[in-house]
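Work through the exercises below with the structure open. Each task is followed by a solution in steps.

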Amino acid sequence: MKQFHLLAAASTLAMFAASPAFAQAAAPQNPADAQQPAPQDDGAGFQDDIVVSATKTDKTLLDTPISVDVVTGAKIQQNQIRDLLDLQRVTPSLRVNQLQSSANTNFIIRGYGNGANNAGIEPSVGVFIDGVYRSRTAAQISDLPTPRLKRVEVLRGPQSTLFGKNASAGVISIVTAEPSFTTTGFTELTYGAFNEFIARADISGPISETVAYDIYSYYNRRDGYFEDRGSGVAENGRNRYGGRAQLLWQPNADVKFRLIGDYDKIDEVCCGVVNLVNGPTGAVVQALGGRLIPNQRFPDAAFYNFPSTNNVQNYGVSLQTDYTLDKFTLLTITSYRESLLRTQQDSDFTSADLIGSNRTNTDIKTFTNEFRIQSNFDGPFNFLLGNFYFNERIRVNDGLRFGRDFRNYANALAGGAIFPTVETGILGFPPGTFFQAGQGQFNDFRYKNSAYSFFGNFDLEVIRGVTATFGFNYTMDEKFVSSNSFTTDTFSTLDFVTIGNGVIRNQAIATGVGQALGLPTGRLATAQQIGQFAALQPAIFNQINAGATAFANANQNNPAVNPLLGLRPLQFLPASVNFPNAVEAGRTSDSNFSFTARLAWKINDEVSTYVTYAQGFKASSWNLSRDSRPLAANLPGLRAAGLLVPNLTTGTRFAGPELADNFEGGIKAKFRRVAFNLAAFYQILRGFQSNVFIGTGFALNNAGRQSTHGFEADVSWNPTRELTLNYAMTYLSPRYDRFPGAAGPNGTVVDLSGTRPSGIPDVTFTIGATFNKPLANGDRIILSSDFQYDAPTQDSDQIPGFLREFQNWNAAFSYRLKNNLELSVFGRNILDQRTITTIFPSVAQAGSVSGYANQPRTYGGTIRYTF
């Protein structure tokens, strides 16, 4: 395998590869765009200019001194790329992981990225749609608006200078076409495996000479391929729909207003979990009548006692204004968005009713405004200045409840010691008090975030063809967070140290009094005997009592003496301290100045090169989950304020900012038949916000320092006018330079310093081909294919021994009639290659391991008509 990697790397360097997007054409983004729909592949074949907005200035890809992948709308349509999850098939530096629900997705660029599983954790990869920032993954996972899609730009490496506080790993920018002043339209129907049915339609045209509209809608439904044999419901299906409307008003050549409104809804049962390792708790689950499919990677089936549901609604509106004034262009984009998430999950992933309910309701309301002014001077100097305002409100309301079987499950894990021995015998609680169905933990978090950014970019052509660039961004970010959490789990509120102290003391007194009374060896005095002895022999009793008290105080934390301590691992849902409080302010305030310095050389009309140093910044992220715990440093203050509660554990309320440094150099070229790009980089990330599931909750903290070096290479070649071949490769060598205090297996703490982060393949590449041939009768045939390969990599930092390797081949064939009616057939994951995308410790089942598998082979056909 190492030889294969070296061969792939050598071949890449030999070809000086570059972006596959060079093989497709895209129109410049200027007022003339309003006259045209999204570009279609016309079969021109040879290398055409691609215009991108990666620097917030429209330039050709050759003139953009940034490592960027561009995937055109035509390629996305031909290759049946449905959403950003599919986009990683053709962009090797991008990885997208869908986790336990439709709304939990991680975007990762060059091995860095986070943001799923917790609404308080902002992503490291910023996602923008037509210049509007989508702040959370729930607002980023909808189907791509294919009919009007012009391109998707994946900007690799820190982009904080122009894109703000949450672009420390990179940016995904989705660009759609404006409404057309010529009536155009699109309708499409797809049917495929698992009863997949997709319908899309779009129409655009003029209302008047200065006003145009566009209306797009879609419906996407598919049966689940993952069988829940417990509830009888098929999981991992699709059920989503939405729409998008645009209005363009261009009263004259200098002024343009673009209004966009959109709505989409997801109502799906997702996501199926498989049992990879059936630990000792599996036998307990089965003894209770629960069922599971143990130790299988790809059964595409499991036993649950209720389906895991996801209901997600996204909607919003944005207004963009462009105004050209002599040598200056002014632009402003204002948006308001809401995301509403309602999820419910059978988190024990067995048919035993252990977790009776795990629901989360999340409401996100986001307002943004961006203003920028850009010069259009004819001389060597130009600039861009702007500011960005961000205001967001989040409310998270969640609750986890025990199911009917959890009481017997917990008692079995304790060896039968909880009831009746501890519950009624030692502690005197009524039978059935502990682990009642419906007991649980409940949280209500409120989050307010305001941020201001001021940014600029200055270009100076120092000599002909050589341009020096300096860009800056100053960000101020402030968050206010509050919690209202409580537990009804009686067992988890018990202080077994204090209670154990009393048990030890009472037993020592009973033993001492029994000896004083001359009772047989090992026989304890009864309560009546102790009372009588204390009354008749107070001096001796006081000595016995003092000795028993001292012994209890010395051994209350000794598991060999205090047997109740062994029950503490079963206190799953202890109470926490709400904040803000006298010690914890519930507030973070971050400020950062980031800059970019670049030197670019346009050697000639076909070749350019650049070197860059860029900084990145991501603000503090808050833990809005039941795992939010005070810092250890705050315990003395909480104790002094009288705020401590039994079994309070320490952790984090928030993780501090991420800071990125990127050193990069690259070369780009575009000839008539060949285009290539090669970028080499060394990237450092300080304070990476790690959020790791450890079996009963998530651990959020900052890694000290991560670094990675590598290169990205892409090539596009037209051996003939009809045939385009693409190759793209990413090589990464990451390392935890410093990461003491990392979350380890079973809640332990480990030092990952000097190790390789999991989930980052050293080699990822994609190979693609498109054959687009016009026929003599005016029809056209289009054959497209792509192959993705991820080298083996460790799947988890916490669970060794699991490797992830992936191969994915996709292909489509289309026949387009000269009247623009098109018939297509396609296959996705044609080789039916399966892999486990994510693994994690099974919930409340020590020793067991669970995971998510990728989608199996699917296929289908599409009929499409464009007018």
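## Exercise 1: A loop glutamine

The model is predicted. Gln-798 is placed in the loop between β38 (780-794) and β39 (803-816).

**Task.** Decide whether Gln-798 is buried or exposed, and list what Gln-798 touches beyond four places in sequence.

**Solution.** 
- Step 1. Take the relative accessible area of Gln-798, which is 9%.
- Step 2. Buried means under 20%, so Gln-798 is buried.
- Step 3. Leave out residues up to four places away in sequence; Gln-798 then touches Val-692, Ala-743, Gly-744 and Pro-745.
- Step 4. Check one more residue, Ile-839: it is 41 residues from Gln-798 in sequence, and the C-alpha atoms are 9.5 Å apart.

## Exercise 2: A strand tyrosine

**Solution.** 
- Step 1. Ile-260 lies 47 residues from Tyr-213 in sequence, with 9.9 Å from C-alpha to C-alpha.

## Exercise 3: Two helix pairs

**Task.** Classify the packing of α6 against α7 and of α9 against α10. Then give the residue classes in the contact of α6 with α7 and of α9 with α10.

**Solution.** 
- Step 1. Start with α6 (residues 406-413) and α7 (residues 418-426): their axes come within 10 Å and cross at roughly 95°.
- Step 2. That angle falls between 65 and 115 degrees, so α6 and α7 are roughly perpendicular.
- Step 3. List the residues: Arg-407, Asn-408, Ala-410 and Asn-411 of α6 meet Ile-418, Phe-419 and Glu-423 of α7. The contact of α6 with α7 has 3 nonpolar, 2 polar and 2 charged residues.
- Step 4. Look at Arg-407 again: it lies over the face of Phe-419, 3.8 Å from the ring centre.
- Step 5. Turn to α9 (residues 527-536) and α10: the axes are 5 Å apart, at an angle of about 120°. The two helices are therefore oblique to each other.
- Step 6. From α9 come Ile-530, Phe-533, Ala-534, Ala-535 and Leu-536; from α10 come Pro-538, Ile-540, Phe-541 and Ile-544. The contact of α9 with α10 has 9 nonpolar, no polar and no charged residues.

## Exercise 4: Aromatic rings

**Task.** How many aromatic pairs does the structure hold? Classify the pair Tyr-389 and Tyr-452, and name the members of one aromatic cluster.

**Solution.** 
- Step 1. The structure holds 42 aromatic pairs.
- Step 2. In the pair of Tyr-389 and Tyr-452, the ring centres are 5.0 Å apart and the planes are at 40°, so the pair is tilted.
- Step 3. The pair links distant parts of the chain, 63 residues apart: Tyr-389 is in strand β22 (residues 381-402) and Tyr-452 in strand β23 (residues 440-463).
- Step 4. Tyr-389 is partly exposed at 22% relative accessible area. Tyr-452 is partly exposed at 39%.
- Step 5. One aromatic cluster is formed by Phe-402, Phe-406, Tyr-409, Phe-429, Phe-434, Phe-435, Phe-491, Phe-496 and Phe-572.

## Exercise 5: Backbone exceptions

**Task.** Examine the phi angles of Arg-110 and Phe-435.

**Solution.** 
- Step 1. Arg-110 is not a glycine, yet its phi is positive, near 55°. Arg-110 sits in the loop between β5 (105-109) and β6 (125-129).
- Step 2. Arg-110 has 1% relative accessibility, so it counts as buried. Its charged end sits over the ring of Phe-681, 3.8 Å from the ring centre.
- Step 3. Phe-435, also not a glycine, has a positive phi of about 55°. Phe-435 lies in the loop between α7 and β23 and counts as buried at 1% relative accessibility.
- Step 4. Cys-271 is in the loop between β16 (255-269) and β17 (274-277).
- Step 5. Pro-580 is in the loop between α10 (538-555) and β25 (587-602).

Technical notes
Residues are numbered from 1 along each chain as its sequence is written. This is a predicted model: local features need pLDDT of at least 70, side-chain atom pairs count only at pLDDT 80 or more; totals for chains, interfaces and linings use all residues. Side-chain values use heavy atoms; hydrogens and water are left out. Axes are lines fitted to C-alpha atoms, for helices over the stretch in contact, and angles run from 0 to 180 degrees between N-to-C directions. Helices (H or I, at least four residues) and strands (E, at least two) are DSSP runs, numbered from the N terminus. Angles under 35 degrees count as roughly parallel, over 145 as roughly antiparallel, 65 to 115 as roughly perpendicular and the rest as oblique. Contact means heavy atoms within 4.5 Å. Ala, Val, Leu, Ile, Met, Phe, Trp, Tyr, Cys and Pro count as nonpolar, Asp, Glu, Lys and Arg as charged, and the others, Gly among them, as polar. Rings of Phe, Tyr and Trp (its six-membered ring) pair if their centres lie within 6.5 Å; planes under 30 degrees apart count as stacked, over 60 as edge-to-face and the rest as tilted. Buried means under 20% relative accessible area, exposed over 50%, partly exposed in between (1.4 Å probe, protein chains only). A charge sits over a ring if NZ of Lys or CZ of Arg is within 6 Å of the ring centre and within 35 degrees of the ring normal.
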